[in-house]
Amino acid sequence: MDLTANRRQVLAGAVAAVGASTLAAGSALPASAHGSDTATPFPLGVASGDPLPDAVVLWTRLVRDRGLSRPVQVGWQVAKDERFRRVVRSGTAWARPELAHSVHVDARGLEPGREYFYRFKAQGHLSPVGRTKTAPHPHARPHRLRFGVASCQDLQNGYWPAYNGLAGEDFDVVFHLGDYIYEYDPDSRFADRRHTTPETLGLDQLRTLDDYRNRHAQYKGDPALRAAHAAGAWVVTWDDHETENNYADLVDELDSGAAHQTPDEFSRQRAAAYQAYYEHMPIRAHLRPGRDRMRIYRRFDFGLLARVNVLDTRQYRTDQPGPGDLGPEPFGAGNTAGTLTGDEQERWLARGLVHSPARWNVIAQQVMMSRTRFPNPTGQPPPTVVNLDQWDGYMPQRERLLRLLADERVDNPVVLAGDIHSTWISDLKLDFDDPASPVVAAEFVGTSISSDFPVAFDAPLKQANPILNPHVRYFDGLKRGYLRCDVTRESWRTDVRVVDTIEVREAPVRTSASFAVEAGRPGVVAA
């Protein structure tokens with residue numbers, strides 16, 4: 001059965017049906033306000049996210065060709081059916097210019113663990129219909145949780161056929177682990193994928209609030225991404241490119257000249273980036289416009305089956321050790337004061353793990369945790385290097401976390417990551433150099449939606465991993481896609497879902513590899 005076509009047909013049918021009918025009786029939608037401009041104000045689609053047992057965040061943003069300068073009243077509805085014959089919640093919200101006419105509705109009073117459909121109305125127009133799902137009751141014991149893991153979608157590098165596949169998976173939730181947009185200047189081999197032009201060209205980065213808003217809107221305009229958002233609830237977190245490559249707290253990227261900024265200058269850029277991110281995401285967060293801080297680390301419980309701790313490893317991290325991404329391993333080993341999370345988030349994570357009632361305990365975050373040695377590409381000593389922008393640059397904190405998992409006997413820990421544009425499936429060990437060291441967790445690192453992994457690195461890594469990284473069970477740097485995770489009380493299965501090309505908008509999705517973890521036995525095995 002072609003699930004992608006099935007899901008897309010359902011949502012398309014729902015859009016057509018509500019567009020041709022009158023609204024459900026008793027709705028709280030505002031009266032029609034048709035103007036001379038009949039273009040829809042919903043070109044960026046709709047999205048939902050941060051599901052709780054009784055609530056979900058509903059998102060849209062109004063955009064008109066002639067612009068909007070005043071607050072606009074927006075109606076919303078949540079129904080049990082895609083034709084909105086059984087509306088269960090409705091209301092109005094204001095789309096305000098100071099937040100780019102974005103709308104965040106925290107729809108409360110919903111039933112746990114069930115599917116809903118939602119839509120908006122503004123200026124006489126109905127939005128597309130979105131599907132969403134609430135989390136199970138906190139004390140429920142669901143038989144199954146199915147979710148996707150995605151990251152890294154450089155629009156300029158190619159199209160997103162993987163999102164067409166993801167839209168048809170019938171997931172309970174999708175976790176997006178960062179690099180939702182890229183900040184680089186326009187430069188693409190595809191004429192229709194060139195980035196928006198920032199206020200200042202030549203810096204290869206965004207600076208202003210309008211820069212970030214325009215880039216987010218461009219990405220949200222992609223039909224495959226809109227379909228994936230409309231198909232189900234997402235939980236999002238950022239990495240670096242939503243602001244600037246490889247930044248750490250208020251430390252600017254390692255660049256020079258006009259592109260380099262002082263902490264005060266970068267603070268203003270980060271405030272703009274964080275605000276635009278909030279304006280374009282279905283996220284439950286407290287934004288204070290103009291502030292360079294916004295807490296987005298949070299956790300989600302899916303009954304007693306799984307607890308997912310979603311981290312932020314950019315906003316609070318100390319600067320990377322060493323002069324660049326790749327560097328000698330001692331730089332990371334000696335980084336005793338270094339942190340990816342900051343002290344407060346590290347304590348929050350520890351409490352959430354130690355006191356969790358869940359069968360599976362998940363750490364969903366941005367960068368690969370497994371110790372990963374690479375052959376030195378320079379050919380100079382040392383013979384191997386590590387990526388200091390990952391947990392390899394912060395080894396003492398990694399050791400503390402893995403030791404906590406072991407000493408506190410945290411039930412079935414699993415780490416999820418993205419960032420590196422390739423698939424890595426690994427065992428996490430207390431001592432990566434000791435073959436007898438116990439495995440304490442499994443790690444699944446998903447490839448990118450479209451961002452590049454250097455093709456020249458693929459074959460050498462496949463050849464070197466059995467020697468340099470024997471705890472790595474699978475690696476592939478050639479394919480783009482996402483992870484599909486299927487979790488029961490007895491086992492965890494991860495399918496690597498890939499497309500063979502990003503040169504075209506439509507391409508079939510297939511499973512290239514499958515791995516499993518048995519509850520009570522943290523090692524990864526082929527499925």
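Which residues does Trp234 touch, not counting residues up to four places away in sequence? The views below concern a predicted model, in which local features need pLDDT of at least 70 and side-chain atom pairs count only at pLDDT 80 or more, while totals for chains, interfaces and linings use all residues. Residues are numbered from 1 along each chain as its sequence is written, and side-chain values use heavy atoms, with hydrogens and water left out.

**View 1. Surroundings of Trp234.** Trp234 touches Ser48, Gly49, Asp50, Tyr163, Leu166, Val174, His176, Tyr180, Leu225, Ala228, His229 and Pro282, residues up to four places away in sequence being left aside. Contact here means heavy atoms within 4.5 Å.

View 2. Strand β11 covers residues 233-236; helices (H or I, at least four residues) and strands (E, at least two) are DSSP runs, numbered from the N terminus. Ala233 and Val235 point one way from β11, Trp234 and Val236 point the other way, and all are buried, that is, under 20% relative accessible area with a 1.4 Å probe and protein chains only. In a regular strand the side chains alternate between the two faces of the sheet. Strands pair if DSSP finds at least two bridges between them. Strand β1 (residues 46-52) is parallel to β11 and pairs with it over two bridges, with Ser48 opposite Ala233. Strand β10 (residues 173-176) also runs parallel to β11, joined to it by three bridges, and Val174 stands opposite Trp234.

**View 3. The largest nonpolar core.** A nonpolar core is a set of buried Ala, Val, Leu, Ile, Met, Phe, Trp, Tyr and Cys residues joined through side-chain atoms within 4.5 Å. The largest one has 38 residues, of which Trp160, Tyr163, Leu166 and Trp234 touch the most other members. At least two residues of this core come from each of α2, α3 (209-220), α4 (223-230), β11 and α5 (263-279), and α5 supplies the largest share, seven residues. Another core, of 34 residues, lies apart from it and includes Phe175, Leu177, Val362 and Ala513.

**View 4. The largest cavity.** A cavity is a set of points, on a 1 Å grid over the protein atoms alone, where a 1.4 Å probe fits but cannot get out; lining residues have an atom within 4 Å of a point. The structure holds one cavity of 30 Å³ or more, and about 80 Å³ of space lies in the largest cavity. Its lining has 15 residues, with Leu166, Phe171, Val174, Ala231 and Gly232 nearest the centre. Two or more lining residues come from each of α2 (161-167), β10 and β11.

**View 5. The largest pocket.** A pocket is an open set of grid points with protein on both sides within 12 Å along at least five of seven lines. The largest pocket holds about 560 Å³ of space. Among its 24 lining residues, Asp325, Asn387, Ile420, Pro454 and Phe457 are the closest to its centre. The elements giving two or more residues to this lining are β16 (374-375) and α9 (455-468), and α9 gives the most, with three residues.

**View 6. The three-stranded sheet containing β16.** This open sheet has the order β14-β17-β16, with antiparallel pairing. Its edge strands, β14 (326-327) and β16, each pair on one side only. Two bridges join β16 to strand β17 (residues 384-387) in the antiparallel sense, and Phe374 stands opposite Val385 in β17.

Technical notes
Points joined across faces, edges and corners; volume = space filled by probe spheres on them. Buried < 20%, exposed > 50% of the residue type's maximum accessible area, 1.4 Å probe, protein only.
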